[in-house]
Amino acid sequence: MNDSEALPWLAPTWQQLSHRWEQLPHGLLITGPPAVGKSALALDLARLLLCHQPEQKGGCRQCAACQLFDSSIHPDFHVLAPETLSAPDSSSLYKHAQRYWTSKKSSAARKPSQVIGVDAIRTLAETLTSTATQNGRKLSVIANAEDLNHNAGNALLKLLEEPTPDTHLVLVSAQPYLLPATIRSRCIRLDCTAPTTQQTLDWLCTRHNIDLDFHNGMTKSGLGPLELERVITEGRMQALTGLVSPSGAGGNALASPQEFVSTCAELGLKRALTVVQNLALMELRWHAQKGALQSAPATRFRFANRDMAMKTFYDIGRILRHPAGTVDEQLFLEDIFADLQGQQIL
Ligand SMILES: [Zn+2]
């Protein structure tokens with residue numbers, strides 16, 4: 001069984017991929033919204049390509065290659081990802097990626113790198129020039145490919161332009177527009193099907209007990225199904241609903257910047273910013289269509305006007321791309337709150 005089979009909305013994309021796996025191009029770019037399982041798909045593809053007795057439905061999970069793969073020690077499979085890749089993201093991917101992190105100069109005090117640097121690509125290039133040890137194919141998955149820094153991007157371009165035989169580079173990215181056009185143009189692009197809200201809800205309900213508040217919050221959060229599942233397993237559902245529920249309903253408006261900051265911290269900063277950014281996007285959509293609609297979206301925040309929603313949307317977009325530590329996160333959140341204050345639904 002493939003890992004991605006647990007994510008039913010990926011079935012059409014897997015079918016598309018597995019149908020032609022024997023003619024897989026040298027460069028493949030898997031795109032799609034965040035947290036829908038793109039990496040699981042890339043791993044399933046890698047297992048299939050490296051398997052000794054492959055079937056169209058996937059790797060056999062029995063042969064020596066599959067066993068090496070599932071133990072994260074297959075010598076012809078390489079994963080590059082920024083060190084900030086969150087561990088539970090997909091632990092198999094994380095374990096594979098660690099091989100390329102430990103070779104770096106490390107110090108206990110060093111912060112995990114948020115980019116994929118040129119050293120990792122150079123090491124990969126050296127490794128790929130050597131002969132494959134198993135069934136002849138070599139494969140590399142580059143997760144969060146948008147985090148390649150400039151030099152790493154150039155080095156990868158060279159790898160894409162001068163392919164070594166039987167080698168496949170699979171780039172995975174939720175933000176492919178951040179990749180250089182030269183890289184994109186050398187890859188065949190495959191878009192992952194995103195689940196509908198109902199599919200996400202059905203999937204979560206079969207795996208967890210979720211209440212109506214979370215259901216309502218979930219639909220406005222803009223988070224992908226895997227991220228929502230992490231919110232549930234980490235016990236942060238209340239923080240999520242606190243951020244997105246209309247304050248009028250529970251009478252518990254986020255009364256102060258401190259409460260806003262602590263709710264964001266409870267949910268996780270990056271996640272909270274993604275949610276607030278989605279609320280701003282909902283508001284922008286409402287402004288664009290308000291002739292046709294009766295009322296504004298029922299979210300905790302009501303932006304003063306379209307420009308304010310736009311500003312918040314872009315400010316958050318910028319900080320989500322900004323290396324952490326260079327911005328005072330608390331000040332940034334208080335700033336956002338100041339933009340919102342007085343405009344909450346009461
Ligand atoms: Zn196998």
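Reply: Helix 14 and helix 15 cross in a left-handed sense. This is a predicted model. Helix 15 covers residues 306–321, and the two axes come within 9 Å of each other, crossing at roughly 150°. An angle over 145 degrees counts as roughly antiparallel, so helix 14 is roughly antiparallel to helix 15.

The residues that make this contact can be named. Helix 14 brings Lys-270, Leu-273, Val-276, Gln-277, Ala-280, Leu-281, Glu-283, Leu-284 and His-287. Helix 15 answers with Arg-306, Ala-309, Met-310, Thr-312, Phe-313, Ile-316, Gly-317, Ile-319 and Leu-320. Sorted by class, the contact of helix 14 with helix 15 holds eleven nonpolar, four polar and three charged residues.

Helix 14 also has a contact with helix 13. Helix 13 spans residues 257–267 and helix 14 spans residues 269–289. Their axes come within 6 Å and cross at roughly 115°. The crossing of helix 13 with helix 14 is right-handed. From helix 13 come Cys-264, Ala-265 and Leu-267. From helix 14 come Leu-269, Arg-271 and Ala-272. By class, that contact has five nonpolar, no polar and one charged residues.

Now step back for context. The protein has 16 helices and five strands. Of its 346 residues, 38% are buried. Take contacts between residues at least 6 apart in sequence: 75% of them join residues at least 24 apart.

Walk across it from strand 2. Strand 2 pairs with strand 3 in the parallel sense over four bridges. There, His-78 stands opposite Ser-140 of strand 3.

Strand 3 covers residues 138–142 and is joined to strand 4 by five bridges, with the two running parallel.

Strand 4 (residues 167–173) is mostly covered, with six of its seven residues buried. Five bridges tie strand 4 to strand 1 (residues 27–31), again parallel. Two facing pairs can be checked here. Ile-30 stands opposite Val-172 in strand 4. Thr-31 stands opposite Ser-173 in strand 4.

Strand 1 is mostly covered too: five of its five residues are buried. Its residues point both ways. Gly-27, Leu-29 and Thr-31 point one way from strand 1, and Leu-28 and Ile-30 point the other way. All of these are buried. On to strand 5: strand 1 and strand 5 pair in the parallel sense over four bridges. Leu-28 has Ile-188 as its bridge partner in strand 5.

Asn-144 sits in the loop between strand 3 and helix 6 (150–161). Its phi is near 50°, a positive value in a residue other than glycine. The cut-off for buried is 20 or more other C-beta atoms within 10 Å. Asn-144 has 24 C-beta neighbours inside 10 Å, so Asn-144 counts as buried.

Asp-166 lies in the loop between helix 6 and strand 4. Asp-166 is not a glycine either, yet its phi is positive, at about 55°. For Asp-166 the count is 16 other C-beta atoms within 10 Å, so Asp-166 is partly exposed.

Definitions and conventions:
Residues numbered from 1 in each chain as written. Predicted model: local features only at pLDDT ≥ 70, side-chain atom pairs only at ≥ 80, totals over all residues. Axes fitted to C-alpha atoms, helices over the stretch in contact; angles between N-to-C directions. Left-handed = near helix turned anticlockwise from the far one by under 90°. Contact = placed C-beta atoms within 7 Å. Nonpolar A, V, L, I, M, F, W, Y, C, P; charged D, E, K, R; others polar. Parallel < 35°, antiparallel > 145°, perpendicular 65-115°, else oblique. Buried ≥ 20, exposed ≤ 12 C-beta atoms within 10 Å, placed from the backbone. Pairing = 2+ DSSP bridges.
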